[in-house]
Amino acid sequence: MEIVVFGAGSLGSLIGGLLAREHDVTLVGRDPHVSVVRRSGLDVGGAFEFTVRPDARTDLSAFSSTADLGVVTVKAFDTEAAARALSGRVETVLSLQNGMGNEQILGTELDRVLAGTCTYGAVLREPGVVNCTGRGEVVCGPFGAAGSETSGETDRSGPADRADRAGSDDRGDHGDHDACEDRRAAERVGNALRSAGIEATVAEDMADRLWEKLAVNAGINPVTALARVPNGALRSGNAHELAVRAARETARVAREGGVDLADGKAVAALEGVIETTAANESSMLQDVRAVRRTEIDAISGHVADRAIGSVPVTETLRDLVRAWERGQSLR
Ligand code: PAF
């Protein structure tokens, strides 16, 4: 499969590197990382140990073909630019981003958009070198559709009709034909990921799963960024309690919008990711260390904006990260 990975930071480089073992991959990222990958290839370390030589570019202006798949891994606030850059250059696009609202933005420029969640941990050690700091899972599926017609390793545990319930403002409006095509595209993408050795599941309840992932990020990201600790530090103690309360608040807001996310499920997902990515520094901590803008608005900000009533832990975490951002000359 011909695949463009748009956003070759930590996660994009890891996913792109894994995909490049099997597929024809183009990484789109920044220099000096891109120049080093072009010159010497991409080293993938940590839980893996291999080198690949994908194509690498800083933009797609000279990219002449139409790729089968675009994998979007840019920060949530760069999604509009990604949508414009990929428009007309990919058949299907899969978002593996943090935060909410990315699929709708991609859908303004691209016809076939799949939603995805990813719990692999990744750190860009130096230009040309990415480490996998936790083997997780990619789940992908149709974003704007619900239905039953799937095959292969599709996870049917989440009733498809849940995707039709509240929270519908978070989804696109697809007809039956598009819904079938989306499901077929999701199966193709799932197969492509698995053939490259990536743990991948195709699911029909992506709207619910995006909220579950949001609960994980709302618990882990601001707490680790503010305390400057790896994910594993949230296994116990006050940091654990804070993360659990933020995840529960997110689950409550999801339910207020009609999404079926029990507190226990959100907390189990949070604790599972803390365990599998214990050695990882979260993407928000990596942003803080690099003095970059964070995704706080798309994570805790999204939860707080949709809450009926207050979400005190989430609001406090959001305000503290925003206060840090305001005090910096962000890169
Ligand atoms: O943003 C992140 O860092 C990741 O989404 C995750 C899964 C929390 C791992 O650190």
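A charge sits over a ring if NZ of Lys or CZ of Arg is within 6 Å of the ring centre and within 35 degrees of the ring normal. Keep in mind that this is a predicted model, where local features need pLDDT of at least 70, side-chain atom pairs count only at pLDDT 80 or more, and totals for chains, interfaces and linings use all residues. Residues are numbered from 1 along each chain as its sequence is written, and side-chain values use heavy atoms, with hydrogens and water left out.

**Exercise 1.** Work out which residue lies over the face of Phe-48, and how the rings of Phe-48 and Phe-50 are arranged.

*Solution.* 
- Start with the charge: Arg-135 is over the face of Phe-48, 4.1 Å from the ring centre.
- Now the rings: the structure has one aromatic pair (centres within 6.5 Å; planes under 30 degrees apart are stacked, over 60 edge-to-face, the rest tilted).
- The centres of Phe-48 and Phe-50 are 6.2 Å apart with planes at 80°, so they pair edge-to-face.

**Exercise 2.** Find the ring under the charged end of Arg-293.

*Solution.* 
- Look at Phe-77: the charged end of Arg-293 sits over its ring, 4.2 Å from the centre.

Notes. Rings of Phe, Tyr and Trp (its six-membered ring) pair if their centres lie within 6.5 Å; planes under 30 degrees apart count as stacked, over 60 as edge-to-face and the rest as tilted.
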